[in-house]
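Please consult the sequence and the three-dimensional view alongside the text.

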Amino acid sequence: MLMTEREFLAAEIQNLVDKYGRQRTSLVPILQEVKRKYHKIDSYAMQVTADLLGIHPVEVNSVVSFYAFLGDRPQGRYVIRLCRTISCDMAGKARVMRQLENDLGIFFGQTTPDGKFTLEWANCIGMCDQGPALLVNERVFTRVTPESVHAILEECRRAFGQHATERKEVHLA
Amino acid sequence: MSQIPTFSHMPPDIGLQRALGRTPAEIVQEITASGLKGRGGAGFSTGTKWALAAEAPSDQKFILCNADEGEPGTFKDRVILQEHADLVFEGMTIAALAVGAKEGILFLRGEYTYLRAHLEAVLQQRRSRHLLGEDILGFQPGFDIRIFMGAGAYICGEETGLIECLEGFRGEPRNRPPYPVHQGFLDRPSVVNNVETLAWAACILQKGAAWFRKVGTEMSTGIKIFSISGDCERPGVFEFPMGITVKELLRNVGGENARAVQIGGASGQCIPASQFDRAIAFEDIPTGGSVIVFGPQRDMLDVIENFLGFFADESCGQCTPCRLGNRKLLEGVKMLKAGTCSMAYLNELCALGETMMIASKCGLGQSSPCAFLSVVRNFREELMGRAHPLVHA
């Protein structure tokens, strides 16, 4: 990471600490915002956060590694979380899974080399009556079929083409 | 059933106005008299919980709404938050009046982030109507609610795991006692209630305890919101009185030909067709509202493999029976599917399941073997001696 990037990240975290307050209860919201903006929480971000909140970096790491929506692995701009719980399973989750893998050329748990898409499993997203269901970042898609996977991915890809700046992409998601 | 007005017929804020005219003790008394039990599934008396928090001496108390709906097959809270958010926030405000809290937190699961904008708008509207904020309709010292987003962990639905997450820790459940009503968020007395419980509390203050008791059974009063999914014609969210039989419920949703029904989500019981006359109520089959219907074509081993995979993934890992037990049970199910499990080992696995239910620290490990044990008990004849894939393929 470039020195200036580090400085920007540190300043960003400082802003978040100012916004949420310098206390342990702010930890999860701060990490959520870092993840949303940078699509990863690397060890440098964890160290800066720990420093500013006055706790040990290992404590931050233990929280990051615990929650499914945090995690220290870099993720794509679009994180696709397919629900694998029983109702979605019975509604045909497996075929949607295979089509996602085929269309993106990666397996679940991986990110495309261009850093645009990540495939992950979700444990029940509360759409059991309309399965198979998946989340693309914060948006929910229900009754997904292998055919509609293509349309969902195309919609994401169009966002890359039309809006070069990150801000708009996040907004569209 | 149809004569009893439910959520959809409840104008908001009348309950809160009635609560403002009463003393905290009277509010708690009304809730206790209604017999309302926690709708998240544990079924603890809401009146008792509020009374304990009201008695706890502290200058700072919290009302925490548990909207971390992660149980497989459950989606009623999503619908309640979408359509009746006012009732939920009203219930939280009434709870605050009853116990003397000034701050409320809605713990919303990360998967429901798309609901947040709507909920923030409802909160803002309530503030502008003086139903939240510094003074509530002239009543000091006021009460306000903020939203905290979960970060994707099923275990945070457990009340002390939820509190750990709020405090910025891993969502590992605490030893109890002390209970949250005595030492909860920031070690202050905290009431943790499910979304549905709080909405019913608002309705009870509006209509009175006697109205609520008219429906349901002696031990399980009132109406329950069910989320029904799986092999049935009309999956969705339904309101049924407590004490409804499985058979009646299936008739309503078009799932009469089911071979089994999972009640209470992945941590609940798997009921075979021969027991469909049993009642869904805390005294027979307890539930948080999840009903998953399995049609005649389903393999019950696939079902428990899915459930145990879920628990092995979502166990917080803090205590050994749950961390390792769920993995061992999952391994066992895979052996059964492959036809390589001896009867002696299956019996060992059942003993392990029973040990987990006694020795685990929190509700996750205490209830995760339920589905496994009930399938082994009720579908035993299908489990043994399956074709070995390597030999017979």
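B:D299 belongs to the loop between strand 9 (290-294) and helix 11 (300-314) of chain B, and B:R386 to the loop between helix 16 (380-383) and helix 17 (389-392), so the pair ties together parts that are 87 residues apart in sequence.

A salt bridge is counted when a side-chain nitrogen of Lys or Arg lies within 4 Å of a carboxyl oxygen of Asp or Glu. Helices (H or I, at least four residues) and strands (E, at least two) are DSSP runs, numbered from the N terminus.

## Basis of the model

The model is predicted: local features need pLDDT of at least 70, side-chain atom pairs count only at pLDDT 80 or more, and totals for chains, interfaces and linings use all residues. Residues are numbered from 1 along each chain as its sequence is written, chains are lettered from A and ligands numbered from 1 in the order in which they are written, and side-chain values use heavy atoms, with hydrogens and water left out.

## Other salt bridges

Over all chains, the count comes to 38 salt bridges. One of them joins B:D284 and B:R278, with 3.0 Å from N to O; B:D284 is partly exposed at 28%, and B:R278 is partly exposed at 23%. In another, B:E233 is paired with B:R234, with the closest N and O atoms 3.6 Å apart. B:E233 is exposed at 62% relative accessibility, whereas B:R234 is partly exposed at 39%.

Salt bridges also link B:R39, B:K76, B:D77, B:E196 and B:K224 in a network.

## The interface of chains A and B

In the interface, 32 residues of chain A are in contact (heavy atoms within 4.5 Å) with 48 residues of chain B. About 3,000 Å² is buried between the two chains, and carbon and sulfur atoms give 61% of this area. Buried area is the accessible area (1.4 Å probe) that two parts lose on being put together, summed over both.

Two salt bridges are counted between chain A and chain B, including that of B:D313 with A:R84, whose closest N and O atoms are 2.7 Å apart. On the side of chain A that touches chain B, helix 2 (27-38), helix 4 (57-66) and helix 5 (86-90) of chain A each supply at least two residues. Helix 4 of chain A gives the largest share, five residues.

## Helix 3 of chain B

Helix 3 (residues 46-55) of chain B has the buried residues B:T46, B:G47, B:K49, B:W50 and B:A53. Around the axis they cover an arc of only 160°, which puts them on the same side of the helix; the arc is that of the directions from the helix axis to the C-beta atoms. These buried residues pack against helix 2 (24-34), helix 5 (85-99), helix 7 (159-166), strand 4 (190-194) and helix 8 (195-207) of chain B.

## Chain A as a whole

Chain A has eight helices and four strands. Of its 173 residues, 50% are buried.

Conventions
Buried means under 20% relative accessible area, exposed over 50%, partly exposed in between (1.4 Å probe, protein chains only).
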